[in-house]
Amino acid sequence: MSRLTESAPWRALVEHHKALQHVHLRELFAADPHRAEALSHTLADTFFDFSKHRITSETLTLLLELARAAQVPRWRDRMFAGEPINVTEGRPVLHVALRNRSDRPIRVDGHDVMPEVRAVLDRMYTFAEEIRSGAGRGATGRAFTDVVNIGIGGSDLGPVMVTEALRPWGKGGIRPHFVSNIDGTHLVETLSSLDPETTLFCVASKTFTTIETLTNAASARAWLTSALGDDAVAAHFVALSTHAERVAAFGIPEAHRFGFWDWVGGRYSLWSAIGLSIVLAIGPDAFDELLQGAYEADEHFRTAPLEDNVPVWMAMIGIWYHDFFGAASHAILPYDQYLHRFAAYFQQGDMESNGKGVDRGGCSVDYPTGPVVWGEPGTNGQHAFFQLLHQGTHLVPCDFIGAIRSHNPLGEHHDILMANFFAQTEALMRGRTADEVRAGLARRGTELSDDAVAHRTFPGNRPTTTILLDQITPRSLGRLIALYEHKIFVQGIVWDINSFDQWGVELGKELATTILSELRGDGGPSLHDASTAALIARYRTRRDPA
């Protein structure tokens with residue numbers, strides 16, 4: 001048994017779960033007419049309804065005791081203080097510094113990093129204004145119309161998600177495109193409609209060594225130089241990187257290099273120079289509002305007591321289901337088309353952070369850690385996988401995210417969308433009993449057998465969080481992203497894991513390097529399992545038929 005599962009708060013939650021596991025949400029609502037109000041929070045223009053969760057005030061008390069026992073406030077303060085809480089790499093975790101709007105210094109080894117953060121941000125804004133205004137031009141003197149961000153993982157998912165979410169702020173500006181997959185199709189299809197004379201490339205790689213990114217960048221460079229010559233690289237390429245020598249060797253001048261720091265994790269980097277494609281797409285003012293919203297969430301997380309702390313509630317309720325109900329996955333379901341990449345972004349944010357099987361001391365854990373995170377926008381998801389959510393055998397807690405006002409009001413479209421939004425959380429909570437099915441059929445003069453009725457019943461008692469924004473704006477989006485980041489942080493602290501490394505991706509990279517040498521014919525014979533050896537042989541034979 002681990003320290004966590006042996007702790008008094010954990011044991012108390014085990015006993016509490018036994019008492020609550022068969023209680024239906026209908027009963028909880030019937031017992032407390034003020035439940036919806038008591039289990040809701042408002043943070044600026046964002047409303048959080050936690051009342052459709054299988055929790056009581058006692059549940060929350062016990063969950064917060066677990067958070068305190070795990071020293072969540074202490075670890076939170078250590079993060080904001082710039083201490084090296086990324087224990088396996090000995091680094092601070094300071095994405096909060098990137099959106100710090102206050103005069104409060106944030107120090108690393110006694111050095112205030114805020115002047116450097118602001119200097120890079122100022123350079124990004126100046127550069128973006130030059131490009132967006134047409135003052136900054138390509139090698140042939142034409143203004144840029146398109147920017148292609150070449151990155152992978154956090155260097156791609158964050159900028160993609162934000163530029164999609166904030167499309168209304170990008171209308172009439174630089175058109176953003178994103179290439180991440182090493183599959184040549186991604187780059188070829190992206191470039192097929194672009195003009196080399198008006199295309200700017202942002203190569204996003206901290207060390208400028210990521211093989212997928214650098215391979216795509218080299219092919220993009222060849223596409224550009226075949227049309228405009230080698231001298232065009234300096235005007236058409238920007239590097240988001242810390243490695244000056246490799247950037248210079250590629251042909252990118254120092255003025256086009258925007259650096260960041262080793263305390264910026266990839267999946268938390270959209271706030272840094274990695275966000276340059278966002279600034280180019282939506283403009284500095286909107287990006288500044290994005291940072292402001294995130295800062296507001298940071299200050300809430302930093303200062304609010306646990307009893308009123310939204311990301312702490314999000315985190316601890318998630319732990320309640322994952323560790324005590326055995327819910328292995330968590331769905332994020334935005335009912336706003338602009339948020340169609342939000343779930344994909346937090347697949348990485350959550351699963352790369354908390355998909356760990358050893359604690360901070362290097363010992364194997366004996367409890368579930370990070371859930372499988374997935375989701376798609378409503379209402380399309382309703383016609384795809386909601387069947388499982390309603391009547392399947394898996395318990396899947398869901399976050400429903402919606403906006404009161406649409407950027408594109410069109411007849412009754414938004415009312416229909418939001419009617420579905422509200423109806424789904426109610427249906428998942430209430431379900432439908434056999435008696436209710438029969439009563440509904442009787443009103444229509446229809447009768448069915450018991451077997452047929454069984455197919456039409458819904459168990460309900462399926463938990464949801466409802467997050468309702470006034471409207472998707474840079475500020476509300478920044479706030480929402482940061483709240484999810486802090487949720488992930490809190491869960492990692494409670495699970496006693498390091499949420500800020502990603503060693504799990506390294507083994508595949510190492511093996512791929514070895515196999516690539518074999519595919520090129522450069523490497524000597526390597527020992528593989530029979531399956532892998534056969535697959536490599538089949539690929540080589542059929543790739544290069546005699």
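**View 1. A polar contact of 3.0 Å links the side chains of Gln382 and Asn420.** This is a predicted model. Gln382 sits in the loop that runs between E11 and helix H18 (386-391). With residues up to four places away in sequence left out, Gln382 touches Tyr335, Asn420 and Gln424. Gln382 has 16% relative accessibility, so it counts as buried; the cut-off for buried is under 20%. Leu333 lies 49 residues from Gln382 along the chain, and the two C-alpha atoms are separated by 9.9 Å.

**View 2. Six strands make an open sheet of mixed pairing.** The strand order is E1-E2-E13-E12-E10-E11. Strand E1 (40-43) and strand E11 (372-374) stand at the edges; each has a single partner strand, so one side of each lacks a neighbour in the sheet. From one strand to the next, the twist averages 15 degrees. Helix H17 (residues 342-354) packs on this sheet, where it touches strand E10 (329-335), E11 and strand E12 (398-403). The direction of H17 makes about 165 degrees with that of E11. Helix H19 (residues 413-430) also packs on the sheet. Its contacts are with E10, E12 and strand E13 (464-469), and its direction makes about 155 degrees with that of E12.

**View 3. E1 and E2 run antiparallel.** Four bridges join E1 to strand E2 (residues 46-49). Leu43 stands opposite Thr46 in E2. On to the next strand in the order: E2 pairs with E13, again in the antiparallel sense, over four bridges. Here Phe47 stands opposite Leu468 in E13.

**View 4. Strand E13 is mostly covered.** Six of its six residues are buried. Thr464, Thr466 and Leu468 point one way from E13. Thr465, Ile467 and Leu469 point the other way. E13 pairs with E12 in the parallel sense, over six bridges. Leu468 in E13 is the bridge partner of Gly402. Leu468 also stands opposite Phe47.

**View 5. Five strands form an open sheet with parallel pairing.** The order is E6-E5-E7-E8-E9. At the edges are strand E6 (175-179) and strand E9 (257-258), each pairing on one side only. Strand E5 (residues 146-150) and strand E7 (residues 199-204) run parallel and are joined by five bridges.

**View 6. Helices H9 and H10 lie across E5, E6 and E7.** Helix H9 covers residues 154-165 and runs at about 150 degrees to E6. H10 runs at about 160 degrees to E6. Thr190 is found in H10, which spans residues 184-191. At 13% relative accessibility, Thr190 counts as buried. Neighbours within four places in sequence aside, Thr190 is in contact with Val148, His177, Phe178 and Val179.

**View 7. Arg99 is buried in a loop.** The loop lies between helix H7 (95-98) and strand E3 (107-108). Arg99 has 0% relative accessibility. Its side chain makes a polar contact of 2.7 Å with the side chain of Asp298. Leaving out neighbours within four places in sequence, Arg99 is in contact with Trp271, Leu291, Ala294, Tyr295, Asp298, Ala482, Glu485 and His486. Val147 is 48 residues from Arg99 in sequence; in space the two are 24 Å apart, C-alpha to C-alpha.

**View 8. Helix H24 begins beside a side-chain oxygen of Asp529.** At the start of H24, this oxygen reaches to within 3.0 Å of the backbone nitrogen of Ser531. The helix covers residues 530-543, 14 residues in total. From first C-alpha to last, H24 reaches 20 Å, close to the 20 Å expected at 1.5 Å a residue.

View 9. A disulfide is a covalent bond between the sulfur atoms of two cysteines.

Methods. Residues are numbered from 1 along each chain as its sequence is written. This is a predicted model: local features need pLDDT of at least 70, side-chain atom pairs count only at pLDDT 80 or more; totals for chains, interfaces and linings use all residues. Side-chain values use heavy atoms; hydrogens and water are left out. Two strands pair if DSSP finds at least two bridges between them. Helices (H or I, at least four residues) and strands (E, at least two) are DSSP runs, numbered from the N terminus. Axes are lines fitted to C-alpha atoms, for helices over the stretch in contact, and angles run from 0 to 180 degrees between N-to-C directions. Contact means heavy atoms within 4.5 Å. The expected span of a helix is 1.5 Å times one less than its number of residues. A polar contact is a pair of N or O atoms within 3.5 Å; within protein, one must be able to donate a hydrogen and the other to accept it, and residues adjacent in sequence count only if both atoms are side-chain atoms. Buried means under 20% relative accessible area, exposed over 50%, partly exposed in between (1.4 Å probe, protein chains only).
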